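Please read this briefing alongside the sequence and the structure shown below.

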Amino acid sequence: MSRRDLFARLANHAASEAVLRDALIALRGVGVEVMPLKGVLLRRLVYDDPAERPVGDVDLLVRGRDVRRAHEALDAAGFEPIFLEPMERERSFRHRRLGLLVDLHWQLFYEDYFDFDAEGLFARARWDESSFPTAVWRMSPLDLYAHVLVHAGFTAWVQPAPRLYDVARIAARLRIDPAAAA
C-alpha cells in the first residue's frame, strides 16, 4: 500500500470515528438507543486494523418511535439534514465540520423484500458498553451476516469485491455456521 493510500485510510478512519462519536453522544444524550450498522460495526468486529475498512458514511439504526427525537438531536448537535430517502426508511445528515454523512435508519429494507424490522433487530441484539464511545446495541451475529449479505446483493454492482470480502470476513471471524445462517 502506498503512503498516499495509507494516509487516506487513516484520515477516513479518524473522520468517521469523530462523526460516529458525535452522533452517538447526541443520540444517547436524548435517550435514543442506537445500533451501529455496516462499516463502523464491521471495523470493530471483523477487521484486525480498523483503517483497513474505510467507510463512506456512518450508518445507525434507531427504533421508529425515536426517529423524531433522533432527527432533532442530530440537528442540534451540528448535523445538517440533507436527504430523506423516498421510501422513508432513512435520513442522511452531514456533519457540518467534517462533511461525512450519518445515515439514520429506522428500517433496513423494503418490507416487501425482507422482514428486517428494527424492533426484531433490537430484540435479538446485545447491549455493548465497551466497543463504542457510548453504550449501543450490537446486532446479533446472524442478523449482521444476513444484513451485510443482502446489502452486498443490492450493491455489489457498485463495489463487488469489498462487499463480498465483508461477507467472508464475518463468516470466518464470527464463526457463522452456513446451515444456521440459511
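**Briefing on the predicted model**

In this predicted model, residues 24 or more positions apart account for 62% of the contacts in the chain that have a separation of 6 or more.

**Order of the elements**
- Read from the N terminus on, the elements of the chain follow the order α-β-α-β-α-β-β-β-α-β-β-α-α-α.

**Burial and surface of the chain**
- Of the 182 residues in the chain, 48% are buried.
- The chain has an accessible surface of about 9600 Å², and carbon and sulfur atoms contribute 54% of that surface.

**Helix 2**
- Helix 2, which covers residues 38-45, is largely enclosed by the rest of the structure, because seven of its eight residues are buried.
- The buried residues in helix 2 are K38, G39, V40, L41, L42, R43 and L45.

**A nonpolar patch on the surface**
- M1, L6 and L10 form a nonpolar patch on the surface, and together these residues have about 320 Å² of accessible area.
- Within this patch, M1 lies in the segment before helix 1, the helix that spans 3-29.
- M1 has a relative accessibility of 68%, and because exposed means over 50%, M1 counts as exposed.

Terms used: Residues numbered from 1 in each chain as written. Predicted model: local features only at pLDDT ≥ 70, side-chain atom pairs only at ≥ 80, totals over all residues. Heavy atoms only, no water. Helix = DSSP H or I, 4+ residues; strand = E, 2+ residues; numbered from the N terminus. Buried < 20%, exposed > 50% of the residue type's maximum accessible area, 1.4 Å probe, protein only. Contact = heavy atoms within 4.5 Å. Areas by Shrake-Rupley, 256 points an atom, 1.4 Å probe, with all protein chains shown as cover. Patch = residues over 30% accessible without salt bridge, like charges linked within 9 Å, V, L, I, M, F, W, Y side chains within 5 Å. Salt bridge = Lys/Arg side-chain N within 4 Å of Asp/Glu carboxyl O.
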